[in-house]
Amino acid sequence: MRWWCLLAAKVAALAASHLVLIFWINRWIPNSTLGLHLGYSFAVLGADMAVFVAGYFFWLDQKLRCRDCAARLRMPVATGNWSRAMLFAPPQLEWICPYGHGTMRHTEVQLSGVQADRWQKNDEDFWKAFEDAWRKD
Ligand SMILES: [Zn+2]
């Protein structure tokens, strides 16, 4: 839920900054028409591009946040094998939430079209996934 609230806040911030920029441009160049006044048109184009670039960086940040608590995902771990990418173990990057809510998996090889990142929610016992590695049997 926090992830969606953060996304909504970012979209609202982008919309507000776009409105402020357009308002400021209209005050700076009054009574202009888009497409007829070159300076006004470039100013609006620049404002649109600035908001688009900010939105792109907001989305890059949002992709690597925990779906539960919206904390930045940490500790990227490379898994898989490049030499076996076609068959058994495609290379992936995994990030985890620092509070143990889940794991994000990003496939590095896109063989059959674009594969979306996968979020896997952890069970209550966060350390259960590592118990087998600690056993000395
Ligand atoms: Zn989390």
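Strands (E, at least two residues) and helices (H or I, at least four) are DSSP runs, numbered from the N terminus. The model is a predicted one, in which local features need pLDDT of at least 70 and side-chain atom pairs count only at pLDDT 80 or more, while totals for chains, interfaces and linings use all residues. Residues are numbered from 1 along each chain as its sequence is written.

Three helices and four strands make up the secondary structure, and along the sequence they follow the pattern α-α-β-β-β-β-α. Of the 137 residues of the chain, 5% count as buried.

The strands form an open sheet of four with the order 1-2-3-4 and antiparallel pairing, where two strands pair if DSSP finds at least two bridges between them. Strand 1 and strand 4 (118-121) stand at the edges, each with a single partner strand, so one side of each has no neighbour in the sheet. On average, neighbouring strands of this sheet are turned by 20° against each other, direction ignored. Strand 1 runs antiparallel to strand 2 (residues 92-96) and is joined to it by four bridges; threonine 79 has glutamine 92 in strand 2 as its bridge partner. Strand 3 (residues 102-107) and strand 4 also pair in the antiparallel sense, over four bridges, and there threonine 103 has glutamine 120 in strand 4 as its bridge partner.

The largest nonpolar core has six residues, namely Cys66, Leu73, Trp95, Ile96, Cys97 and Met104. Such a core is a set of buried Ala, Val, Leu, Ile, Met, Phe, Trp, Tyr and Cys residues joined through C-beta atoms within 7 Å. Leaving aside residues up to four places away in sequence, leucine 73 touches Leu64, Arg65, Cys66, Trp95, Ile96, Cys97 and Met104, a contact being two C-beta atoms, placed from the backbone, within 7 Å.

Turning to the helices, helix 1 (residues 2-28) and helix 2 (residues 38-63) pack at an angle of about 165°, with their axes 10 Å apart. Axes are lines fitted to C-alpha atoms, for helices over the stretch in contact, and angles run from 0 to 180 degrees between N-to-C directions. The two helices are therefore roughly antiparallel, the term for angles over 145 degrees.

How values were computed
Buried ≥ 20, exposed ≤ 12 C-beta atoms within 10 Å, placed from the backbone. Parallel < 35°, antiparallel > 145°, perpendicular 65-115°, else oblique.
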